[in-house]
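Biologist: Can you walk me through this one? I'd like to begin with a single helix and then move on to the partner chain.

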Amino acid sequence: MGPLVPDVVGNELNFIVALIIGIFFGVILEQAGFSTSKKLVGLFYGYDFTVLRVFFTAGIVAMIGVIALEHFGLLDINLTYINPTFLWSALIGGLIMGLGFVVGGFCPGTSICAAAIGKIDAMIFIAGSFIGVLIFAEGYPLFEGLYKAENWGNIRVFDSLGMQQTVFAFFLTAIALFAFWMISIIENKVNGIKKPAFRFTPYYVTLGAIGFILSLSAFVLTERKDSLQNLVSDKEFVNNYDLKTMSVDEFAYRIIKGDNKLQIIDFRPLEEYKKQSLPGSTAFTFDNLFEKEPSKILRIRHKTNVFVANNEYEERQFAIIANRLGFSNATILTGGLESFDKEILGFDKNSVATTKQESDTYRFRTKASSIIPVLIKENKSAGPVKKTQKRVVGGC
Amino acid sequence: MEEKKYMNPYLAGVLLGLLLIATIYITGRGLGASGAVKSFTVGIMETVAPEHTSNQTFYKEYSGDHAGSPLMNWLVFEVVGVFIGAFLSGLISNRLNLKLEYGPRSKPKIRIVGALLGGLLFGFGAQLGRGCTSGSALSGMAVLSTGGLITMMAIFGGAYLFAYFFRKFWI
């Protein structure tokens with residue numbers, strides 16, 4: 001599961017990755033024509049909309065790509081850098097950058113590209129940007145208030161608007177397609193070209209079709225959490241799903257034996273877990289199943305993961321989701337903890353055993369009901385599942 | 001030799017989008033540019049005036065967020081890559097050429113002052129806005145960050161707002 005840094009790609013290798021990514025970035029920007037200020041500012045005077053075409057296309061492709069990676073469980077969005085939102089500094093900083101764009105004709109990335117191919121104005125622009133950073137650094141006490149005002153955290157735009165991610169993605173793609181059409185009309189008008197902006201040539205038809213498919217993909221790639229939660233809301237489906245089960249007696253026996261292959265994954269609310277929990281059990285939540293680091297414990301080899309919750313139905317729901325996420329060794333406790341409490345911990349010694357098997361069970365449960373409560377008292381549980389990885393530090 | 005034509009903008013956009021997806025998948029962060037300027041500035045200041053930087057909040061906060069030398073920074077490596085990539089691309093397409101570009105009604109002097117001031121404003125704005133067109137607007141759009149999209153709209157909105165006053169620079 002991504003991001004690959006720091007587990008798969010180490011921090012040193014990451015610098016090499018940065019260099020390679022930078023090379024591709026530089027080639028693409030230069031080939032697109034971002035190495036000349038005349039082409040860049042064309043956007044603001046209507047004679048060349050290359051910047052908008054490249055920028056908007058890249059943004060849409062990347063957005064849908066990230067949604068897809070998240071949907072297929074390849075990227076843990078909680079570890080990915082989401083630019084934090086500070087309302088006023090974002091707005092005012094953006095306006096100042098806009099002014100800098102029309103005055104200077106570049107933005108930082110494009111100025112580096114242009115300087116690389118010998119544009120003197122770009123080199124001067126870069127020098128200017130050093131001075132700009134220096135002014136900010138030296139005058140920081142003056143700007144700090146504005147810089148840190150209205151901190152909304154790592155909020156994402158669909159949450160801000162109270163929309164579903166996919167709906168927002170669809171609208172943004174639609175807006176982009178519409179913008180591409182409009183700017184072609186404006187561009188032709190400004191440059192005095194009489195040809196219609198869009199003709200039904202194979203080129204434009206293919207382009208339109210790709211755009212249309214991209215916008216539709218937004219609906220296919222629903223958020224994984226939502227679709228899985230939907231899946232387990234069907235009672236019949238949940239009850240008939242084939243899962244590995246463990247009886248309360250076997251469960252109790254393994255606890256008494258101190259079986260280290262047994263890994264108890266406790267899905268009860270944390271308050272209940274804190275009050276009383278089984279020896280060696282780990283508190284786990286629905287969200288943990290989707291996170292890169294917490295879910296690692298479910299992949300430890302030769303462990304029997306027993307999912308416990310208050311009732312079997314809930315256990316089934318969590319186990320089905322885990323199964324769907326690729327954690328194949330999820331076992332559920334028959335009857336849930338309710339049943340465990342009743343049959344084992346609070347075993348009724350007055351019940352009558354008639355057959356041989358029943359009397360065996362009777363003897364075992366009598367024993368277990370006196371041992372396990374002691375174990376619960378003595379043993380400390382593992383607590384909530386460990387989460388030490390932090391969000392990647394990104395941005396500029 | 002003739003300069004080669006530029007790439008189709010939509011194709012360039014798709015390639016840039018794919019690169020951004022790969023970047024996020026591998027590193028968990030987006031692309032950027034202005035952050036490297038910041039790292040260089042901090043690096044230079046820490047070398048030139050170490051006593052000064054150890055007292056100022058800005059530098060202290062920077063070293064709090066970034067362990068190690070300011071130049072051992074992801075964006076510094078990435079921007080060095082951008083420079084190499086753009087140079088190679090210019091070489092292949094015959095666009096390597098030392099020149100000062102300015103609009104038909106502008107003059108070299110105006111262009112020089114404009115570039116310097118524009119750079120200054122962009123450098124300052126990118127600090128305030130926590131990123132520039134790449135780091136905040138483009139990468140922010142990819143992960144649908146509210147702040148990134150606000151910055152994006154402010155950059156382009158602001159540019160349109162002020163474009164009229166500087167039209168003599170360009171057209």
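Modeller: The face of helix 10 of chain A turned away from its buried side carries the exposed residues Pro202(A), Val205(A), Thr206(A), Ala209(A), Ile213(A), Leu216(A), Phe219(A) and Val220(A). This is a predicted model: local features need pLDDT of at least 70, side-chain atom pairs count only at pLDDT 80 or more, and totals for chains, interfaces and linings use all residues. Residues are numbered from 1 along each chain as its sequence is written, with chains lettered from A and ligands numbered from 1 in the order in which they are written.

Biologist: Which residues of helix 10 of chain A are buried?

Modeller: Leu214(A), Ser215(A) and Ala218(A). They sit on the same side of helix 10 of chain A because they cover an arc of only 90 degrees around the axis. The arc is taken from the directions from the helix axis to the C-beta atoms. Buried means 20 or more other C-beta atoms within 10 Å of a residue's own, exposed means 12 or fewer, and partly exposed is in between; C-beta atoms are placed from the backbone.

Biologist: What covers the buried residues of that helix 10 of chain A?

Modeller: The cover includes helix 3 (50–71) and helix 9 (165–190) of chain A. Helices (H or I, at least four residues) and strands (E, at least two) are DSSP runs, numbered from the N terminus.

Biologist: How far does helix 10 of chain A reach?

Modeller: Helix 10 (residues 202–220) has 19 residues and reaches 27 Å from its first C-alpha to its last, close to the 27 Å expected at 1.5 Å a residue. The expected span is 1.5 Å times one less than the number of residues.

Biologist: New topic. Is Val27(A) buried or exposed?

Modeller: Val27(A) counts as buried because it has 25 C-beta neighbours inside 10 Å. Its place is in helix 1 (residues 11–32) of chain A.

Biologist: What does Val27(A) touch?

Modeller: Gly85(B), Leu88(B) and Ser89(B), leaving out residues up to four places away in sequence. Contact means C-beta atoms, placed from the backbone, within 7 Å.

Biologist: How many residues of chain B are in contact with chain A?

Modeller: 111 residues of chain B are in contact with 118 residues of chain A. The chain B side divides into 63 nonpolar, 38 polar and 10 charged. Here Ala, Val, Leu, Ile, Met, Phe, Trp, Tyr, Cys and Pro count as nonpolar, Asp, Glu, Lys and Arg as charged, and the others, Gly among them, as polar.

Biologist: And what is the secondary structure of chain B?

Modeller: Nine helices and zero strands. The C-alpha trace spans about 50 × 40 × 35 Å along its principal axes. Of the 171 residues in chain B, 58% are buried.

Biologist: Where are the cis peptide bonds?

Modeller: One joins Gly2(A) and Pro3(A), with omega about -5 degrees. Another joins Val5(A) and Pro6(A), with omega about 5 degrees.

Notes. Two residues are in contact if their C-beta atoms, placed from the backbone, lie within 7 Å.
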